[in-house]
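Biologist: Hi! Could you walk me through this one?
Modeller: Happy to, here it comes.
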Amino acid sequence: MNNKSILASAQLWTGNTDTVIEKIHSALQELFCPNNNCKSCTSCRNIQHQEHYATMWLEPEKSTYTVEQLDIVFEKISLQLDDNEHFFFIIQRADVLGQTCSNKLLKPIEEPPSGYHFILATEHKHRLLTTIKSRCLEFSFSSVNEHPNYSSLLNLLTSPRQISPVEFLQELDKAKLNEYESGDLLEQFYSFLSKQYLHNATQETQKKLAVVEQAMLKTPMPGSSSLFWKNLLLSLIL
């Protein structure tokens, strides 16, 4: 991360919430601290407490964002900043923006007024609209290694040998995935298939990509992850 990256107009930061927030704090301190990111000056402390004058931190009031919550964003960007002045909106839990709020933010995220920047933070990138993700510079601070409960499932899915339904179902039962973990695993699998297809465009890989793309349109609801993966496994091996 460098100053040039943090000045991108729209950014998507993905990973464990505490890690991502810490990284955002550090990047903003690097930008605004007059003492080379000292961590102790007024500017650094205000950033740490999310009270810096050049930042606005947002989080959903309940389970999701509302259009009314975003009004403050539009009120702020209606004000012109001075030359070389910067202001950051940090949208926490961006995965619960929902379609209406996401669509409302599309234009300001794509073409914000001069000096304004949007940072979207989430643990669950797969839940964001593709139109939002496509407009963002992405930073990832997570990997499948941080989730050992489903790394074995990913290994089975990406193995060069035929998937063993019995072995997969045994690992699925052990993992006890929730809907968020299922979405992360699905995204990891899709990324693997995309790279594989790029290097070796076989019909089998193309078929798997199509199956996974369809599955990504309707990720599992709470409590339905096991059934979701059983159905996906059937589609992959038939």
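Biologist: Is Phe89 buried or exposed?
Modeller: Phe89 is buried, with a relative accessible area of 0%; buried means under 20% with a 1.4 Å probe, counting protein chains only. Keep in mind that this is a predicted model, where local features need pLDDT of at least 70, side-chain atom pairs count only at pLDDT 80 or more, and totals for chains, interfaces and linings use all residues. Residues are numbered from 1 along each chain as its sequence is written, and side-chain values use heavy atoms, with hydrogens and water left out.
Biologist: Thanks! How many aromatic pairs are there in the whole structure?
Modeller: A search finds eight; Phe, Tyr and Trp rings (for Trp, the six-membered one) pair if their centres lie within 6.5 Å.
Biologist: And how are the rings of Phe89 and Tyr116 arranged?
Modeller: Their centres are 5.9 Å apart and their planes at 20 degrees, so the pair is stacked, the word for planes under 30 degrees apart. Phe89 sits in strand S3 and Tyr116 in strand S4, 27 residues apart; strands are DSSP runs of E, at least two residues, numbered from the N terminus.
Biologist: Nice. What about Phe89 and Phe118?
Modeller: Those rings are stacked too, because their centres are 5.0 Å apart and their planes at 25 degrees. Phe118 is in strand S4, 29 residues from Phe89, and both residues are buried.
Biologist: Which residues do the ring pairs link into a cluster?
Modeller: Phe87, Phe89, Tyr116 and Phe118.

Technical notes:
Phe/Tyr/Trp six-rings, centres within 6.5 Å; stacked < 30°, edge-to-face > 60°. Helix = DSSP H or I, 4+ residues; strand = E, 2+ residues; numbered from the N terminus. Buried < 20%, exposed > 50% of the residue type's maximum accessible area, 1.4 Å probe, protein only.
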